[in-house]
Amino acid sequence: PELDGWGVNGYRAPATAVCLLIYLALRYRSDLPRHLWPKQPQALLADGIFFGVGSTLYVSAVTIGSVASVSVLGATSPFFAAMLAWLVMRERASAVSLAATVVALAGVAIVVQAEMAAMATGFAAAIISLGYAFCFAGQTVWLRRYRDVEMIPGIVLGGLLVFAFVAVFIGLPAVPLGQIGLIALMGLVQLALPIIAFAEGAKHVPVVPAMLIAMADVVLNPFWVWLVHGEQPPAGTVGGGALIISAIIGATLYENRRQRLIAQQEV
């Protein structure tokens, strides 16, 4: 309770980095240096920056806004990813994806209005949440662009960059050792293990089911907070969130069907 978003992430980020570094060392052993410094180190640097900034924005958002709003606004990352994919790789979005973006934007407007009416910090939390979504989208696009590079070392770098930035420019307050251990456990359970599980699972699960499984986070995040703390999101947040989720699921299913048809025509 004594820590704000900067303090929590200042301790959690390096814990995540250490956990992931141990995983990489166990996985690659003597080949570890090649993955920590690949032929394209700029890929790891960009990945680390996106992760470091995004994780900090997420923690900051949930400290001043409702978890439901942060979750549903964070779910807009696929639309930011489509925009960045066009800018970086010139991938064009379909008309259906553009229509889904418009629907999602309407949902964002409803959520922001509901959060502003519910709490004084609602607007700031919404803007920070959209920043988090943008960073996650950037990380996703970089993963696709450099798909042949092991990107987990980039997250290790990002965790260390967050620690260095907070320690130098913000300051890390002294907290009891037990609380540091709890935050370190957060780094393991909230970030390191999910990152490893998703990276490994994505190799064996088709893209569409993987994206839809990841969408469960939007529902489970507010559910856990409601179950433990009794936090109930405003009706507008629920309604706007439903629009955002519907747009994402609809666009995802359509794109999957379109890609299958293209593949069949090429055969």
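These are my notebook entries on a predicted model of a protein chain.

**Ground rules.** I number residues from 1 along each chain as its sequence is written, and my side-chain values use heavy atoms, with hydrogens and water left out. Since the model is predicted, local features need pLDDT of at least 70 and side-chain atom pairs count only at pLDDT 80 or more, while totals for chains, interfaces and linings use all residues.

**Overall build.** I looked up the secondary structure and found 11 helices and 0 strands. Helices here are DSSP runs of H or I with at least four residues, strands are E runs of at least two, and both are numbered from the N terminus. Next I checked the radius of gyration, taken over C-alpha atoms: the chain has 19 Å. For 267 residues a compact globule would come out near 18 Å, so the value agrees; the globule rule is 2.2 Å times the number of residues to the power 0.38. The C-alpha trace spans about 55 × 50 × 30 Å along its principal axes.

**Contacts and surface.** I count a contact when heavy atoms lie within 4.5 Å. Among contacts between residues at least 6 apart in sequence, 88% join residues at least 24 apart. The accessible surface comes to about 14,500 Å², with 70% of it belonging to carbon and sulfur atoms. Those areas come from the Shrake-Rupley method with a 1.4 Å probe, and for residues only the protein chains shown count as cover.

**Helix α4.** How many residues of α4 are buried? I found 8 of the 8, so this helix is largely enclosed by the rest of the structure. Buried means under 20% relative accessible area, exposed means over 50%, and partly exposed is in between (1.4 Å probe, protein chains only). Among the buried residues of α4 are Val67, Ser71 and Gly74.

**Around α4.** Ser66 sits in the loop between α3 (41-64) and α4 (67-74) and is buried at 4% relative accessible area. Its side chain makes a polar contact of 3.1 Å with the side chain of Glu115. By polar contact I mean a pair of N or O atoms within 3.5 Å; within protein, one must be able to donate a hydrogen and the other to accept it, and residues adjacent in sequence count only if both atoms are side-chain atoms. I then moved to Asn221, found in helix α10, whose side chain has a polar contact of 3.4 Å with that of Ser71. Leaving aside neighbours within four places in sequence, Asn221 touches Tyr58, Val67 and Ser71.

I found Trp224 in a nonpolar surface patch of about 640 Å² together with Leu220, Phe223, Trp226, Leu227 and Val228. Patch residues have over 30% relative accessible area and no salt bridge; like charges are joined within 9 Å, and nonpolar side chains (Val, Leu, Ile, Met, Phe, Trp, Tyr) within 5 Å.

**Salt bridges.** The rule is a side-chain nitrogen of Lys or Arg within 4 Å of a carboxyl oxygen of Asp or Glu, and the count comes to 2. One joins Glu150 and Arg27 (3.7 Å, N to O). That pair links distant parts of the chain, 123 residues apart: Glu150 is in the loop between α7 (122-145) and α8 (152-170), Arg27 in helix α1 (residues 5-28). Glu150 is buried at 16%, whereas Arg27 is partly exposed at 35%. Asp31 and Arg34 also pair up (2.7 Å, N to O).
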